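Hi,

Here is the model I promised to pass on.

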Amino acid sequence: MRALITGGARGLGEAIAERLVSDGGDAVLMDVNDDVVRTAERIAALRPGSIVKSVVGDVTLETDCLRAVTEALDYLGGLDVLVNNAGVGGPSGDLVDNDPADFRRVLEVNLVGVFLVSRQAARVMIQQASGGAIVNIASIFGQRGEAGSGGYSASKGGVIVLTQSLAQELARHSIRVNAVAPGHMTTQMHWDELRSRATTSGRSLEDQVEVTRSSIPLGRHGTGADVASAVAWLVSKDAGYVTGQTLGVNGGIR
Amino acid sequence: MNATVKSARVKIGRRFAGRRALITGGASGIGFATAARIIAEGGDVAVIDLDPEALRRSREALKLQFAERCDVRYAGEIEGAVETAARALGGSIDFLVNAAGIYRIKAVLDLAPDEWDDVFAVNLRGTYLASRAVGRRMIETGTGGSIVNLSSIAALVADAQEPAAHYNASKAGVIALTKQMAVEWAPHRIRVNAVCPGLINTPMLRMMDNPETGAAYVENFVPLRRLGSADEVASTIAFLLSDEAAYITAVAIPIDGGLTAC
């Protein structure tokens with residue numbers, strides 16, 4: 001299995017790459033942060049003989065997306081899997097107060113970025129005529145609107161609907177497209193969000209973490225490994241009749 | 001047409017070693033395929049079903065230690081079956097799959113109240129009764145567990161060609177029941193999820209009774225342009241049962257070739 005994973009430098013993307021490579025896959029990690037070079041080297045060491053390479057690039061730039069897919073093809077000899085994981089947090093606070101530039105920015109990275117990388121990767125997969133699988137990392141906050149992070153919710157909601165459109169368009173090429181919607185995860189993005197909420201509410205960060213944790217039926221935050229196992233299943237033969245769907249990985253929160 | 005990617009996953013294959021499952025409606029169709037998958041991955045399975053002949057065949061085919069007749073509509077029967085199944089499995093039940101179900105086609109105005117009740121008794125009441133009996137055991141033994149309920153895409157989308165309001169409503173009820181049990185039992189480390197099969201090639205499928213109109217329907221409404229197999233539903237159920245889905249609870253996953261994504 002040959003995979004391109006965006007946002008692969010750290011967090012969920014790093015965990016997904018670790019999992020797919022450990023399972024026997026080869027991968028190219030794309031990230032705007034050049035830490036991705038070291039991440040790729042570290043993951044390559046997990047499985048001797050694996051090919052794990054990095055591309056420094058920005059998913060909002062068409063040229064970078066084309067370059068990432070082209071380099072992935074060069075490194076891997078083909079492309080079976082795309083994981084659209086690159087994403088940023090949005091502006092916090094009420095929409096009436098949000099700066100339009102901040103609102104546009106989160107849509108540009110989280111939604112337009114998925115479109116730009118997917119079209120390049122899908123063109124390759126169609127050409128190969130051997131099927132494929134795309135997994136988009138959405139969010140539980142894309143499954144319902146959230147007060148205080150409207151831009152982020154809209155971007156991830158857009159990803160869920162884009163997943164359905166892509167699934168319909170690519171099904172005839174035996175390319176399946178699904179999304180994973182994580183809940184509260186142990187990622188830097190989530191801790192940043194809680195830090196911001198703690199400041200607003202006047203709570204300590206520890207109290208803010210506990211407030212969130214106690215709202216999760218399974219009683220813990222999700223991990224990169226939790227998301228990675230869902231991605232690994234969705235790209236496998238075991239999910240061969242699943243397409244256009246969004247799989248919640250959220251410990252039971254609504 | 002094969003919309004899949006070869007996975008070199010090594011660990012898959014023994015996910016259920018030492019784990020014990022009870023499957024209602026496990027003697028045929030999706031229930032049987034799920035039993036076969038769990039056994040193939042090292043687990044032990046007990047099956048209950050209403051059909052003696054299917055039970056005999058599945059007992060032979062899968063070398064089951066426990067394959068008994070049970071009508072999930074009756075609390076006494078299901079509670080007795082859960083107790084004896086647990087004993088046969090060695091004392092505990094880690095997984096429950098509620099696959100027992102019936103499908104009836106009838107337009108709302110032709111539907112008699114008794115027919116409505118019959119479908120609800122098996123599909124929804126049966127799922128509630130079996131889950132309650134097994135969930136209670138899981139909580140008492142403190143071992144946690146995972147439950148997967150068979151819903152249907154009929155819970156999500158209506159279909160004028162095959163009217164079955166009673167079936168659809170019962171399967172929508174299964175999703176609501178799934179979510180509620182998931183939040184009530186999460187503190188006991190019991191996960192509860194549902195799968196929503198689409199057009200799956202099993203004895204329950206009616207869409208292909210007329211091969212010509214059936215094929216046209218699949219071509220027009222299923223993006224992947226083929227029927228699904230019972231094995232493809234079983235592989236989803238197996239994922240949800242397994243520790244791979246340790247953070248997934250209260251979800252309902254369609255396995256429908258993209259039908260509900262349109």
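The contact (heavy atoms within 4.5 Å) takes in 45 residues of chain B and 42 residues of chain A. Before you read on, this is a predicted model, where local features need pLDDT of at least 70, side-chain atom pairs count only at pLDDT 80 or more, and totals for chains, interfaces and linings use all residues. Residues are numbered from 1 along each chain as its sequence is written, chains are lettered from A and ligands numbered from 1 in the order in which they are written, and side-chain values use heavy atoms, with hydrogens and water left out.

About 3,500 Å² is buried between chain B and chain A, with carbon and sulfur atoms giving 60% of that. Buried area here is the accessible area (1.4 Å probe) that two parts lose on being put together, summed over both.

Two salt bridges turn up between chain B and chain A; the term stands for a side-chain nitrogen of Lys or Arg within 4 Å of a carboxyl oxygen of Asp or Glu. In one salt bridge, the side chain of Arg37(B) meets that of Asp238(A) at 2.8 Å, N to O.

Which elements give two or more residues to the side of chain B that touches chain A? They are helix H7 (230–241) and strand S7 (252–255) of chain B. Helices (H or I, at least four residues) and strands (E, at least two) are DSSP runs, numbered from the N terminus. H7(B) gives the largest share, four residues.

Now the aromatics. Over all chains there are five aromatic pairs, meaning rings of Phe, Tyr and Trp (its six-membered ring) with centres within 6.5 Å; planes under 30 degrees apart count as stacked, over 60 as edge-to-face and the rest as tilted.

Phe16(B) and Phe95(B) have ring centres 5.4 Å apart and planes at 75°, so this pair is edge-to-face. Phe16(B) sits in the segment before strand S1 (20–24) of chain B and Phe95(B) in strand S4 (residues 95–98), 79 residues apart. Both Phe16(B) and Phe95(B) are buried (under 20% relative accessible area, with exposed over 50% and partly exposed in between; 1.4 Å probe, protein chains only).

Tyr103(B) and Tyr167(B) also make an edge-to-face pair, because their planes are at 70°, with centres 4.6 Å apart. Tyr103(B) lies in the loop between S4 and helix H4 (113–141) of chain B, and Tyr167(B) in helix H5 (residues 165–185), 64 residues away. Tyr103(B) counts as buried at 18% relative accessibility, and Tyr167(B) does too at 8%.

Cheers
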